Amino acid sequence: MRIPKEFWLEGLNFECTRCGWCCSEPGGFVHGSEDEFRAIAEYLSLEFDTFLKKYTIDDAGYVSLASDKNGPCIFYEQGCAVYSVRPTQCRTFPFWPGLLTSEKEWHKMAEKCPGISSGRLWPADEIVAFYNANSPSYYKTPDWLRRYFHRLSITHQTEESGI
Ligand code: SF4
Ligand code: SF4
């Protein structure tokens with residue numbers, strides 16, 4: 001059976017239960033922009049270089065927050081220690097391109113994240129804004145979705161997404 005790519009156009013339910021699984025998955029990466037990492041450094045009252053050395057690793061050319069011995073994110077302490085300045089990747093989970101372009105992957109993630117398919121209904125325009133916030137940095141936007149963005153007159157400028 002063909003799975004329609006636009007499975008989320010009627011919106012998706014999601015409400016975080018704060019179970020912590022997504023911050024604790026071994027081998028996970030948390031990418032971010034320079035501005036995002038500078039904001040965390042400032043929040044921790046650290047020089048940027050010191051922050052990078054202490055809290056980040058290189059993931060094939062992308063800076064990632066380090067994990068604790070290949071376990072939880074280094075900032076996970078029964079909750080996020082830098083919650084107010086957490087990177088876009090964290091703010092936008094689970095509305096990531098890799099999950100929004102595959103209904104199968106969305107449902108696979110729902111087996112791990114108890115917040116998926118429950119709680120608030122997020123409308124398509126908000127989902128697109130989350131998608132846009134990740135796309136410029138980490139993912140190539142597929143053509144079908146570019147056309148959809150165009151129809152909604154939503155730009156790919158993260159700054160304008162309001163996130
Ligand atoms: S796995 Fe889902 S429900 Fe649990 S903390 Fe992460 S987003 Fe929230
Ligand atoms: S920065 Fe915070 S929200 Fe993001 S993975 Fe680490 S602990 Fe979780």
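From which domains does the shell around ligand 1 draw at least three residues each? The shell draws on both domain 1 (20–90) and domain 2 (92–163) to that extent, with domain bounds coming from an automatic or database domain assignment. This is a predicted model, in which local features need pLDDT of at least 70, side-chain atom pairs count only at pLDDT 80 or more, and totals for chains, interfaces and linings use all residues. Residues are numbered from 1 along each chain as its sequence is written, while chains are lettered from A and ligands numbered from 1 in the order in which they are written.

The residues surrounding ligand 1 are Cys-16, Thr-17, Arg-18, Cys-19, Gly-20, Trp-21, Cys-22, Phe-93, Cys-113, Pro-114 and Gly-115; a residue is near a molecule if its C-beta atom, placed from the backbone, lies within 6 Å of it. By class this shell has 7 nonpolar, 3 polar and 1 charged residues, where Ala, Val, Leu, Ile, Met, Phe, Trp, Tyr, Cys and Pro count as nonpolar, Asp, Glu, Lys and Arg as charged, and the others, Gly among them, as polar. Around ligand 2 the division is 9 nonpolar, no polar and 1 charged. Its shell includes Cys-23, Cys-73, Cys-80, Cys-90 and Arg-86.

The protein chain has 9 helices and 4 strands, taken as DSSP runs (helices H or I, at least four residues; strands E, at least two) numbered from the N terminus. Along the sequence they follow the pattern β-α-α-α-β-β-α-α-α-β-α-α-α.

Of the 163 residues, 22% are buried, that is, with 20 or more other C-beta atoms within 10 Å of their own, placed from the backbone.

Mean pLDDT, the predictor's confidence in each residue from 0 to 100, is 81 for the protein chain, and 77% of its residues reach 70 or more. Where pLDDT is low, the predicted coordinates should not be read in detail.

Notes. A residue is buried if 20 or more other C-beta atoms lie within 10 Å of its own, exposed if 12 or fewer, and partly exposed in between; C-beta atoms are placed from the backbone.
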